[in-house]
Amino acid sequence: MAVIPTVTMTSTGARLLSLPRTLSTAATTASSLSSLYYLKQGYYFLQRRRILPARKLVIRAARTESNGVSLGSRPPNFELTEPLTGKVWKLDDFEPYPALLVMFICNHCPFVIHLKKDIVKLSNFYMKKGLAVVAISSNSVVTHPQDGPEFMAEDAKLFKYPFPYLYDESQEVAKDFGAVCTPEFFLFKKDGRRPFELVYHGQFDNSRPSNNAPVTGRDLSLAIDCVLSGQPVSSNQKPSIGCSIKWHPGAKQ
């Protein structure tokens with residue numbers, strides 16, 4: 001049977017419980033309460049805990065800028081599978097088009113998620129005007145299984161991607177392009193029978209998940225408008241900012 005202690009007040013305001021040292025069960029019961037008991041010189045002291053308000057957890061994604069790719073360069077050849085359909089796509093499939101937009105994206109990155117719906121809107125609009133568009137995911141499924149092909153297919157269905165969303169399992173295509181982040185945009189144009197050449201390697205717009213700037217696609221849209229109208233694209237281009245591409249553990253970059 002539990003012993004009912006005699007309670008007195010100390011000068012410190014703590015309540016003093018005069019109990020034998022052997023009442024470990026009482027201490028165990030007390031430890032489950034919102035106050036804390038502890039043993040000192042044969043007595044149990046009761047101290048009230050101060051309950052602090054819960055803090056809001058803020059998750060910040062590391063930022064990586066696109067860089068190091070020279071304007072005027074040609075797109076590297078690639079041959080990648082589209083998880084949604086199983087079709088294999090090659091660079092040659094886009095040769096009939098006057099311009100090609102290659103995007104490195106993924107499923108999980110907050111920077112990509114922030115733009116997904118507007119990337120679809122922009123692509124739908126310009127594909128009707130003759131732009132070819134392809135998206136590639138090169139993230140390691142070892143470290144980020146949510147970016148694997150099965151989930152890529154689900155993402156393509158969910159957001160109704162009008163462009164093929166290809167899986168770069170070896171990550172060699174990302175390395176060949178010089179891609180380092182998601183999202184990252186490469187806009188190529190053709191002059192007649194000449195091969196594609198890079199004319200824009202920059203941001204979608206100034207909007208980021210961490211600011212209040214509206215998503216407009218202004219920077220990329222201006223570049224595409226110039227390409228499709230035969231006008232030169234300004235070389236003053238702001239780099240795209242996003243999550244780093246998740247390389248396979250131990251892979252050389």
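This is a predicted model: local features need pLDDT of at least 70, side-chain atom pairs count only at pLDDT 80 or more; totals for chains, interfaces and linings use all residues.
**The chain as a whole**

- The protein has 253 residues, and 42% of them count as buried.

- Average pLDDT for the protein is 82, and 75% of the residues reach at least 70.
- Please read residues 1-61 with care, as pLDDT stays under 50 there. For this stretch the model has 60 contacts beyond four places in sequence.

**The nonpolar cores**

- The largest nonpolar core is made of 33 residues, and those touching the most other members are L101, M103, L131, L187 and L220.
- Helix α2, residues 110-127, provides the largest share of this core, with seven residues.
- Another core lies apart from it and has 23 residues, including V69, F177, A179 and W247.
- L101 shows how parts of the chain meet: leaving aside neighbours within four places in sequence, its contacts are L122, L131, A132, V133, V134, F185, F186, L187 and L220.

**Helix α2 and S123**

- S123 also belongs to helix α2.
- Is S123 buried or exposed? With a relative accessible area of 1%, S123 is buried, because buried means under 20%.
- Beyond four places in sequence, S123 is in contact with M103, V133, P162 and F163.

**The cavity and the cis bond**

- The structure holds one cavity of 30 Å³ or more, and the largest cavity has a volume of about 90 Å³.
- Thirteen residues line the largest cavity; L115, P183, S207, R208 and I241 are the ones nearest its centre.
- Helix α2 gives the most to this lining, namely three residues.
- P183 has a further feature to look for: a cis peptide bond joins T182 and P183, with omega about 0°.
- You can find P183 in the loop between β11 (181-182) and β12 (184-189).

**Two residues with positive phi**

- K160 sits in the loop between α3 (149-159) and β10 (165-167). Its phi is near 55°, a positive value in a residue other than glycine.
- K160 has 67% relative accessibility and so counts as exposed, the cut-off being over 50%.
- Q171 lies in the loop between β10 and α4 (172-177). Although Q171 is not a glycine, its phi is positive, at about 70°.
- Q171 counts as buried, because its relative accessibility is 0%.

- Look for K246 in the segment after β14 (241-244).
- Why does K246 count as buried? The relative accessible area of K246 is 19%, and buried means under 20%.
- Setting aside neighbours within four places in sequence, K246 is in contact with H108, S138, N139, S140, T143, H144 and Q171.
- In sequence, K246 and Q171 are 75 residues apart; in space they are 9.5 Å apart, C-alpha to C-alpha.

Conventions: Residues are numbered from 1 along each chain as its sequence is written. Side-chain values use heavy atoms; hydrogens and water are left out. Buried means under 20% relative accessible area, exposed over 50%, partly exposed in between (1.4 Å probe, protein chains only). A nonpolar core is a set of buried Ala, Val, Leu, Ile, Met, Phe, Trp, Tyr and Cys residues joined through side-chain atoms within 4.5 Å. Helices (H or I, at least four residues) and strands (E, at least two) are DSSP runs, numbered from the N terminus. Contact means heavy atoms within 4.5 Å. pLDDT is the predictor's confidence in each residue, from 0 to 100. On a 1 Å grid over the protein atoms alone, a cavity is a set of points where a 1.4 Å probe fits but cannot get out, and a pocket is an open set with protein on both sides within 12 Å along at least five of seven lines; lining residues have an atom within 4 Å of a point. Grid points are joined across faces, edges and corners, and a volume is the space filled by probe spheres set on the points.
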